[in-house]
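User: Could you take a close look at one part of this model for me? I'd like to hear about the charged pairs and what surrounds them.

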Amino acid sequence: MSIPHIAPVPHPRDGYYATNNPYQVNGPKGFTEFKYLEETHDLFVRLDFPGIQKESVIILLEPSKKAVIVTGEAPKESKHDSSHRKYGTATGLICDCCEISNIQCFVGDGVVRLILSKQKINLRVPIFCSFGGARMPTDASPNIIRGYNPEVAGGHPLAHLRGLNPEGCRGTDPFDPAFTGPTIRPHPSVLEGSTSAYETKQLSNGGLYLRIDMPGVPSDGFIVAVDGNGVVTIMGRAPATMHDSSGRSYVCKVAIVPRGYAGVGSR
């Protein structure tokens with residue numbers, strides 16, 4: 001007897017709490033978070049790269065010192081995973097008044113966090129700067145960010161984001177209602193592999209394999225429970241780390257198993 005998968009379903013009125021992950025139930029929404037740090041004037045960036053390996057992360061400072069390119073890989077952790085995943089994105093300053101002077105990178109539990117320090121190069125503009133992020137195209141060389149080649153245009157590498165991005169001088173709104181809706185968005189920073197927050201595979205022995213992304217949840221932060229009707233529920237808690245606006249919780253009903261079944265496992 002095959003174990004059936006329970007697919008996520010949006011709330012009939014409000015849709016999914018967070019369109020970046022169908023299983024997230026609270027906390028900051030979106031694949032990224034940007035924050036201006038008042039005390040140090042640094043910029044904090046949170047990037048969700050589920051499965052990312054710390055040793056694979058590469059940070060490149062764009063020659064103009066306005067943007068950084070972040071890439072990394074998440075290998076197959078199970079033979080049942082459809083493929084590895086490769087991530088790539090660009091983030092940094094949108095203003096003309098500053099340049100990036102230092103980069104700190106922290107990687108853990110499927111999240112890359114950056115602290116970008118900056119210094120003024122034009123003292124005649126306001127103290128606050130705008131910043132944002134963009135997807136790096138798969139067919140671009142490392143010095144091209146979303147169709148902009150600084151060697152050709154000679155301008156600002158993130159100028160195309162001005163007026164278009166939800167960020168600003170203070171950062172993103174992690175509870176923006178625009179990140180709630182009926183449709184789950186594919187991960188915009190995945191360059192290779194699955195862009196979905198989960199995948200399932202029916203096994204030849206009738207079992208069910210699931211890969212579920214819960215970025216920020218440590219390996220000991222999961223609970224798997226089976227109720228009296230055989231419904232398997234997985235819960236995870238991602239604590240607030242560094243300058244995250246808050247922690248995040250995930251809850252997912254994923255399968256129905258026969259009464260007395262003892263083969264549920266997680267890793």
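Analyst: Here is a walk through the salt bridges, followed by the sheet and the aromatic pairs.

Keep in mind that this is a predicted model. Of its 267 residues, 46% count as buried.

Let's start with the charges. Side chains of opposite charge can pair when their charged atoms come close. With a cut-off of 4 Å between a side-chain nitrogen of Lys or Arg and a carboxyl oxygen of Asp or Glu, the count comes to eight salt bridges. One of them joins Arg46 and Glu33, at 3.3 Å from N to O. Arg46 sits in strand β3 (residues 43-48) and Glu33 in strand β2 (residues 32-36), so this pair ties together parts that are 13 residues apart in sequence. And are these two buried or exposed? Arg46 has a relative accessibility of 1% and counts as buried; Glu33, at 2%, counts as buried too.

Now for a pair with a wider reach along the chain. Asp244 forms a salt bridge with Arg113, and their closest N and O atoms are 2.7 Å apart. Asp244 belongs to the loop between β14 (231-238) and β15 (248-256), while Arg113 is in strand β8 (residues 111-120), so the bridge ties together parts that are 131 residues apart in sequence. Asp244 is buried, with a relative accessible area of 10%, and Arg113 is buried as well, at 6%.

Then there's Arg211 with Glu199, whose side chains meet in a salt bridge at 3.2 Å, N to O. Here the link runs between strand β12 (residues 208-212), which holds Arg211, and strand β11 (residues 198-202), which holds Glu199, so parts that are 12 residues apart in sequence are tied together. Both Arg211 and Glu199 are buried. Some of the salt bridges also share partners: Glu33, Arg46, Asp48 and Arg248 are joined that way into one network.

β2 and β3 belong to an open sheet of four strands, in the order β2-β3-β8-β7, with antiparallel pairing. Its edge strands are β2 and β7 (98-108), each of which pairs on one side only. Ignoring direction, neighbouring strands of this sheet are turned by 15° against each other on average. Between β2 and β3 themselves, the antiparallel pairing runs over five bridges, and Thr32 has Leu47 in β3 as its bridge partner.

What about the rings? The structure holds two aromatic pairs. Tyr23 and Tyr198 have ring centres 5.8 Å apart and planes at 65°, so the pair is edge-to-face. This pair links distant parts of the chain, with Tyr23 in the segment before β1 (24-26) and Tyr198 in strand β11, 175 residues apart. Tyr23 is buried at 3% relative accessible area, whereas Tyr198, at 24%, is partly exposed.

In the other pair, the ring centres of Phe49 and Tyr87 are 4.6 Å apart and the planes lie at 5°, so the pair is stacked. Phe49 lies in the loop between β3 and β4 (58-61) and Tyr87 in strand β6 (residues 85-93), so parts that are 38 residues apart in sequence are tied together. Phe49 is buried, with a relative accessible area of 1%, and Tyr87 is buried at 0%.

Definitions and conventions
Residues are numbered from 1 along each chain as its sequence is written. This is a predicted model: local features need pLDDT of at least 70, side-chain atom pairs count only at pLDDT 80 or more; totals for chains, interfaces and linings use all residues. Side-chain values use heavy atoms; hydrogens and water are left out. Helices (H or I, at least four residues) and strands (E, at least two) are DSSP runs, numbered from the N terminus. Buried means under 20% relative accessible area, exposed over 50%, partly exposed in between (1.4 Å probe, protein chains only). Two strands pair if DSSP finds at least two bridges between them. Axes are lines fitted to C-alpha atoms, for helices over the stretch in contact, and angles run from 0 to 180 degrees between N-to-C directions. Rings of Phe, Tyr and Trp (its six-membered ring) pair if their centres lie within 6.5 Å; planes under 30 degrees apart count as stacked, over 60 as edge-to-face and the rest as tilted.
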